[in-house]
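Biologist: I would like to learn how to read a protein model. Could you take me through one, feature by feature?

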Amino acid sequence: MFYKERIEKISDYIRSNKKLLFFIVIGCIYVFMFILNYLTPHLADDFVYSGSKNILEVFKNEYYQYMHWGGRSVVHSIARTFLMLPKIWFNLINPLVYILLTLLIYIFSTSKEKELSITRYIFINILIWLFMPRYGQTILWLVGASNYLWGTTIILSFLVPYYCFIVFDKFNNKNKLMPVFMLILGVIAGWCNENTSGGSVLLVIAFLLISYIYKKQITLWMITGLFGNIIGLAVMIFSPGNNSRANQVEDLPFLSKIATNLIAVSENIKNDSMPLIIIFLILFIITLFTNKDKLMNVFSAVFTLASLATLYVLVLSPVGIGQGGRSFFGGTIFLIIACSQCFSINLLEKKRGTTLVPIILLSILFFQIIISVPLGFIDIYRNSFLLKERNNYVISQKEQSNINPTVSLIDPQPRTKYPASAGLEDLNNNDSNWINKPYAKRFNIETVRSVSRNDWDRIYKNGNPELMNILSLEQYLSKLNEKEYFVVFSGYGNLESLFSENEKVLYDKLGLESNLLKDDSSYIGVIDNGNKIVEQASNEFLEFTLDVSEQKITIDASMGFYDNQNFSKIIFNDYDYSKNRPGLNIVVFDKNEGKIIDRIIFETVNDEVVGNR
């Protein structure tokens with residue numbers, strides 16, 4: 001009896017303070033999303049789109065992109081604008097846009113009974129957290145969120161007047177500015193994202209049909225909105241940049257490309273969207289037999305069809321869809337709206353069976369949330385720590401005059417979909433890579449390259465900044481001549497071709513013999529404080545071992561007829577520091593501190609001798 005009274009008191013308090021509790025829930029979600037955004041640093045395309053110094057440059061850069069790469073001018077302008085500002089501004093505003101998205105979904109799932117439902121709002125957020133593919137990429141990552149979270153929010157903001165007009169008799173034709181406003185908003189919404197904006201056109205057409213059937217009325221602003229939406233979509237799709245980008249991909253026969261994309265889309269729906277589809281079907285079937293307000297059934301069916309159309313239109317994508325993910329955002333949101341509408345209908349029905357199903361469903365999802373939220377948060381935090389460590393290392397190296405730093409790959413990789421870097425391409429060992437170059441520009445350094453976490457911890461984390469800054473063979477040999485180092489050399493291939501006459505002189509100054517370096521040969525050498533320990537050259541296998549400062553060192557080099565006979569090894573205590581590629585591998589060891597302070601290979605790339613780490 002006591003517990004029953006307590007439950008009744010709690011229920012009465014919730015009913016009488018529902019608006020306050022609703023805003024408390026929104027506030028808690030905002031704080032949570034702010035923390036996640038704060039823990040998400042700039043990544044990948046953020047470095048590519050940064051560099052604009054003012055709004056004029058934003059439009060100038062977007063015009064260039066529109067003409068040469070892609071037509072998403074609205075969302076990319078948003079991204080470029082935020083990239084001009086300190087990241088804190090995006091961290092503060094992006095959660096507000098997420099809140100707006102969830103409230104728009106809430107509105108779309110509200111029928112004529114307008115009583116606040118905290119349960120339904122929580123249900124919406126749970127569905128997004130659990131079933132949104134590439135959560136971090138589309139909601140937390142700056143460029144990704146600008147494209148998908150912001151773009152979809154703009155689209156839903158454009159669609160909501162249609163829904164409110166049909167369901168709540170709002171936005172009547174008395175406001176003379178409404179047709180102009182909807183025309184402009186339609187253009188903007190159509191210019192956001194190819195497949196989701198295309199889905200918005202389908203939804204507007206469906207809303208017009210529903211309005212005509214149920215209300216016998218179609219207002220002028222509804223027509224101008226559709227017209228603007230089509231214009232925006234056409235301007236985006238037929239941009240010269242989209243055509244240029246399509247021409248850069250593999251030219252497969254049309255039917256072959258369609259078949260490949262169809263299989264890929266279906267696979268991604270099976271892997272990512274099937275639980276959400278099952279939830280919808282369970283709730284929708286119940287509403288078909290119990291709900292008296294058939295209009296909401298129609299809306300949920302329309303949003304589901306729009307979701308499938310938004311996803312399957314990707315089969316026409318000229319660049320393919322890869323692992324799906326980000327391009328599924330809009331379609332997933334449409335499906336979440338359909339699920340929320342059916343969920344709302346079942347909660348409003350007072351019959352035991354219809355109310356019980358959503359409560360059981362919510363309980364199951366809640367237990368899943370209890371597990372996935374901590375796992376996702378830990379994954380985001382760990383990933384944030386590794387990326388911050390990398391950025392701080394680059395800044396530290398720059399302060400020590402190393403403007404060609406070598407950083408670590410992100411390891412371990414994200415284990416969930418919640419970190420923004422999950423599935424994103426990272427910096428690699430090629431300093432000309434499409435991410436490496438803008439990353440270097442962002443930090444005002446010359447080049448950057450990445451190596452395995454193991455190599456970075458062993459070599460570059462506490463290496464010598466002066467040596468690690470050098471990529472020129474001549475400059476490197478000059479630096480080695482300035483101080484007395486313990487240096488190990490191992491190489492194979494066309495070694496003589498690596499050296500100019502001046503570099504041979506510098507090599508001889510080290511105490512070695514440049515005349516031993518021949519093409520199509522193998523070579524090993526060791527110097528200690530200017531004294532030669534060993535130097536050998538051959539057309540076959542070479543090996544030398546020695547012990548230095550508690551380090552057992554083994555040096556191998558081989559040049560043979562078969563590929564497996566060509567290798568280079570510089571092993572310190574069972575760890576191979578050689579890059580094991582044709583060229584001259586160099587490892588510099590500090591005997592006093594007992595550690596490797598640099599590792600580099602000089603090799604021929606495109607007829608040019610370059611240093612790589």
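Modeller: We will go from the whole chain to its cores, cavities, strands and a few single residues. Keep in mind that this is a predicted model.

Biologist: Let us start with the whole chain. How many helices and strands does the secondary structure come to?

Modeller: The chain has 22 helices and 12 strands. Its C-alpha atoms fill a box of roughly 95 × 65 × 45 Å along the principal axes.

Biologist: What percentage of the 613 residues is buried?

Modeller: Buried residues make up 54% of the chain. Look at the contacts too. Take those between residues at least 6 apart in sequence: 70% of them join residues at least 24 apart.

Biologist: Now the cores. What is the general idea?

Modeller: In soluble globular proteins, nonpolar side chains tend to be buried together. Now the case here. The largest nonpolar core has 150 residues. Within this core, I139 and L156 touch the most other members. Helix α9, residues 142-168, gives the most to this core, with 19 residues.

Biologist: Next, empty space. How does one find it?

Modeller: Rolling a probe the size of a water molecule over the atoms shows where empty space is left. This structure holds three cavities of 30 Å³ or more. The largest cavity has a volume of about 160 Å³. It is lined by 17 residues, and L43, L387, R390, E425 and D426 are the closest to its centre.

Biologist: Which helix gives the largest share of the lining of the largest cavity?

Modeller: Helix α17, residues 352-399, does, with three residues. Sorted by class, the lining of the largest cavity has 10 nonpolar, four polar and three charged residues.

Biologist: How much space lies in the second largest cavity?

Modeller: About 60 Å³. The residues lining the second largest cavity are L386, E389, R390, S408, L409, I410, D411, R453 and W456. The most comes from α17, with three residues.

Biologist: How does the lining of the second largest cavity divide by class?

Modeller: It has four nonpolar, one polar and four charged residues.

Biologist: On to sheets. How do strands hold on to each other?

Modeller: Strands of a sheet pair through backbone hydrogen bonds, either parallel or antiparallel. Here, four strands form an open sheet in the order β6-β7-β8-β9, with antiparallel pairing. The edge strands are β6 (542-548) and β9 (575-576), and each pairs on one side only.

Biologist: How many bridges join β6 to β7?

Modeller: Seven bridges join β6 to β7, residues 551-558, and the two strands run antiparallel. To find one of the partners, go to L542: its bridge partner in β7 is A557.

Biologist: In which sense do β11 and β12 pair?

Modeller: Strand β11 (residues 595-605) and strand β12 (residues 608-612) pair in the antiparallel sense, over five bridges. I601 stands opposite N612 in β12. The hairpin of β11 and β12 has two residues between the strands. In this hairpin, N606 takes a positive phi near 55°.

Biologist: Last, single residues. Where does N297 lie?

Modeller: N297 lies in helix α15, residues 294-312.

Biologist: Why does N297 count as buried?

Modeller: Because its relative accessibility is 5%, and buried means under 20%. Setting aside neighbours within four places in sequence, N297 is in contact with F284, T287, L288, N291 and I345.

Biologist: What does Y312 touch, not counting residues up to four places away in sequence?

Modeller: Y312 touches L262, V265, S266 and I269. Y312 and K53 are 259 residues apart in sequence and 39 Å apart in space, C-alpha to C-alpha.

Key:
Residues are numbered from 1 along each chain as its sequence is written. This is a predicted model: local features need pLDDT of at least 70, side-chain atom pairs count only at pLDDT 80 or more; totals for chains, interfaces and linings use all residues. Side-chain values use heavy atoms; hydrogens and water are left out. On a 1 Å grid over the protein atoms alone, a cavity is a set of points where a 1.4 Å probe fits but cannot get out, and a pocket is an open set with protein on both sides within 12 Å along at least five of seven lines; lining residues have an atom within 4 Å of a point. Grid points are joined across faces, edges and corners, and a volume is the space filled by probe spheres set on the points. Ala, Val, Leu, Ile, Met, Phe, Trp, Tyr, Cys and Pro count as nonpolar, Asp, Glu, Lys and Arg as charged, and the others, Gly among them, as polar. A nonpolar core is a set of buried Ala, Val, Leu, Ile, Met, Phe, Trp, Tyr and Cys residues joined through side-chain atoms within 4.5 Å. Buried means under 20% relative accessible area, exposed over 50%, partly exposed in between (1.4 Å probe, protein chains only). Two strands pair if DSSP finds at least two bridges between them. Contact means heavy atoms within 4.5 Å.
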